[in-house]
Amino acid sequence: MKLTKKSFLTTPFVCLILIISLLALPINATAKTGTLGTESPVISCTFVNSNGEEACGDRLYPGDYTVNFMLSQMASVSIFQISGVYDESKISKFEPESYNDRFELGGQKVSNGKFAAFLVSNNTTTTATMPTGVVMLTYSVTVNKSGDFADMVQLSTDPNHTFIEADYGDGYYDCYVLDTSIEYAAGTTYDSTADLSPYIAPTVFTVTGKITVADDTMGTATDFGMPGVRVAVDGTNVSSTTDDSGVYSLIGLEPGDYELTISSNYSAERKATLEVIADNADYDLLTVANVGMVPCDYNKDNTINAVDAFVFSRDYATNPTKSDFNRDGVVNEADGQMFRQKYMNRTVNYSSVSLK
């Protein structure tokens, strides 16, 4: 029979599929005919993160997601089967969660980086789908490496493993497939497509940058990152503290203009302007230029003088986080020379800085 010939499923599922097919065929035999081959089915995915927020498959970050496999651009569906593989080095969990209740589940399995599912319509007429799409299958997925979902998961293009039937009246073996060039002796195949990570324009952005040890008291940036510096967006709750490399990330900013306050326990505050421009972002990630901070204005009076020299001398051997200005992992004369030549007896007078 048709269902057993097309199915990926192994022996434990065959009896169940036979029963479903015998029940489904008479129910759908009077369904509207003539649709097969005239539509352009699309299999796609939508994503919801663990906070209940919509995510884009083009850029998934490590975490847990609900992934919906959608079907669109079809008036009616009688059979839906997918089969594919996922990259276990990037996805640590890929588990079935639910399926469209207008279908009977002919079988479903996930094992060793492979997945498959087979659905048969249980309606008195063939299942109606909206042009914008309906959820056919839902999986619980854990991503452990950032990336594009379409690079992590691929559907099989074999007509015997991934296919869509419009309705039983359209031809017993004919179906929509992802690659009509693959030989399929059982019937006629028609084109369908799959886009597992359709583009969704971001509405908020993550701004990332680096706070560095300044090359002078004007705040000229270097590549020597400063850890423990707070970068805050004025008038909001958005802030970030730099990591060991001096990198910060400001999450959830809409396009627009912002004022930043940059501060630490051992330098005077610095202000910066930030312009979030969607066209400048790599999808939702906007990387801005380095900003320099004088690392030794310990009393924050905007002047590097004897007081700061005393603190620097005291911390020279005891607090390398503050004293290792060139971030080479060693507090030595090079740092002392940097203190004397670049900062000592100078006034901190930061120049204006605009980031975008």
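Biologist: Where does N112 sit?
Modeller: This is a predicted model, to be clear. N112 is in the loop between strand 7 (103–111) and strand 8 (114–121).

Biologist: And what is its phi, given that N112 is not a glycine?
Modeller: Positive, at about 50°.

Biologist: Is N112 buried or exposed?
Modeller: N112 is exposed, with a relative accessible area of 65%.

Biologist: What about N345, what is phi there?
Modeller: Phi of N345 is positive too, near 60°, and N345 is not a glycine either. N345 lies in the loop between helix 6 (333–343) and strand 25 (346–347). N345 is exposed, at 63% relative accessible area.

Biologist: Let's move to helix 6. At what angle does helix 4 pack with helix 6?
Modeller: About 175°, with the axes 12 Å apart. Helix 4 covers residues 306–315. That angle makes helix 4 roughly antiparallel to helix 6, since the cut-off is over 145 degrees.

Biologist: Which residues meet there?
Modeller: From helix 4, D308, A309 and F312. From helix 6, D335, G336 and F339.

Biologist: How many of the contact residues are nonpolar, polar or charged?
Modeller: Three are nonpolar, one is polar and two are charged.

Biologist: How many bridges join strand 20 to strand 21?
Modeller: Eight, and the two strands run antiparallel. Strand 20 spans residues 256–264 and strand 21 spans residues 267–276.

Biologist: In which sense do strand 21 and strand 26 pair, parallel or antiparallel?
Modeller: Parallel, over two bridges. Strand 26 is residues 354–355. T273 stands opposite S354 in strand 26.

Biologist: How do side chains sit along a regular strand?
Modeller: As a general rule, they alternate between the two faces of the sheet.

Biologist: Switching to aromatics. How many aromatic pairs are there?
Modeller: The count comes to 13. One of the pairs is F115 with Y139. That pair is edge-to-face, 6.0 Å centre to centre, with 70° between the planes.

Biologist: Which strands hold F115 and Y139?
Modeller: F115 lies in strand 8 and Y139 in strand 10 (residues 134–143). So the pair ties together parts that are 24 residues apart in sequence.

Biologist: Is F115 buried or exposed?
Modeller: F115 is buried, at a relative accessible area of 1%. Y139 counts as buried as well, at 0%.

Biologist: Which rings link up with F115 and Y139 into a cluster?
Modeller: F69, Y86 and F94.

Notes: Residues are numbered from 1 along each chain as its sequence is written. This is a predicted model: local features need pLDDT of at least 70, side-chain atom pairs count only at pLDDT 80 or more; totals for chains, interfaces and linings use all residues. Side-chain values use heavy atoms; hydrogens and water are left out. Helices (H or I, at least four residues) and strands (E, at least two) are DSSP runs, numbered from the N terminus. Buried means under 20% relative accessible area, exposed over 50%, partly exposed in between (1.4 Å probe, protein chains only). Axes are lines fitted to C-alpha atoms, for helices over the stretch in contact, and angles run from 0 to 180 degrees between N-to-C directions. Angles under 35 degrees count as roughly parallel, over 145 as roughly antiparallel, 65 to 115 as roughly perpendicular and the rest as oblique. Contact means heavy atoms within 4.5 Å. Ala, Val, Leu, Ile, Met, Phe, Trp, Tyr, Cys and Pro count as nonpolar, Asp, Glu, Lys and Arg as charged, and the others, Gly among them, as polar. Two strands pair if DSSP finds at least two bridges between them. Rings of Phe, Tyr and Trp (its six-membered ring) pair if their centres lie within 6.5 Å; planes under 30 degrees apart count as stacked, over 60 as edge-to-face and the rest as tilted.
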